[in-house]
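Have the sequence and the 3D view at hand, and let us look at a few spots together.

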Amino acid sequence: MATTKARRTTIARTNNGEIPRRPFGPSGEMVSALALGGYHLGTIGNQREAIRIVHGAIDAGITFLDNAWEYNDGESEEI
């Protein structure tokens, strides 16, 4: 329960429109609490549109992207 309350407090303090940040494991790096999943990028069929989605996410404050070479035979990772 205390963990949930702490998370709510962190999010509640972010009233400036920024995406809250969370620590990325033991690295000490802070990443956005929301991530862009990359699997779908290789299914779009239009590389320009897929790149537009990535740029839009970055412009919105996303700093955590989840991707893997296994997604769509590496197409998602290439994009």
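## A loop, a strand and a helix

Let us begin with aspartate 73, which sits in the loop that runs between strand 4 (65-66) and helix 3 (75-78). Please keep in mind that this is a predicted model. Aspartate 73 has a relative accessibility of 80% and therefore counts as exposed, since the exposed class begins over 50%. Aspartate 73 also belongs to a negative surface patch, together with Glu70, Glu75, Glu77 and Glu78.

The backbone here deserves a look too. Most residues other than glycine have a negative phi. Aspartate 73, however, has a positive phi near 55 degrees. Asparagine 72, likewise not a glycine, has a positive phi of about 55 degrees. Asparagine 72 is also placed in the loop between strand 4 and helix 3. With 22% relative accessibility, asparagine 72 counts as partly exposed, because that class lies between the buried limit of 20% and the exposed limit of 50%.

Along the sequence they follow the pattern α-β-β-β-α-β-α. Of the 79 residues in the protein, 19% are buried.

Serine 32 takes us into strand 2, which spans residues 30-32. Its relative accessibility is 2%, so serine 32 counts as buried; the cut-off for that class is under 20%. Where does the side chain of serine 32 reach? It comes to the backbone oxygen of leucine 34, at 2.6 Å.

Now to the charged pair. Side chains of opposite charge can pair when their charged atoms come close. The structure holds one salt bridge, and it joins glutamate 49 to arginine 52, with 2.7 Å between the closest N and O atoms. Both glutamate 49 and arginine 52 lie in helix 2 (residues 47-60), where they are three residues apart, or about one turn of the helix. Glutamate 49 counts as partly exposed because its relative accessibility is 30%.

The accessibilities of the residues visited above are set side by side here.

| Residue | Relative accessibility | Class |
|---|---|---|
| Serine 32 | 2% | buried |
| Glutamate 49 | 30% | partly exposed |
| Asparagine 72 | 22% | partly exposed |
| Aspartate 73 | 80% | exposed |

How values were computed:
Residues numbered from 1 in each chain as written. Predicted model: local features only at pLDDT ≥ 70, side-chain atom pairs only at ≥ 80, totals over all residues. Heavy atoms only, no water. Patch = residues over 30% accessible without salt bridge, like charges linked within 9 Å, V, L, I, M, F, W, Y side chains within 5 Å. Areas by Shrake-Rupley, 256 points an atom, 1.4 Å probe, with all protein chains shown as cover. Salt bridge = Lys/Arg side-chain N within 4 Å of Asp/Glu carboxyl O. Lys, Arg positive; Asp, Glu negative; His and termini not counted. Charge placed at Lys NZ, Arg CZ, Asp CG, Glu CD. Helix = DSSP H or I, 4+ residues; strand = E, 2+ residues; numbered from the N terminus. Buried < 20%, exposed > 50% of the residue type's maximum accessible area, 1.4 Å probe, protein only. Polar contact = N/O pair within 3.5 Å; in protein donor to acceptor, adjacent residues only side chain to side chain.
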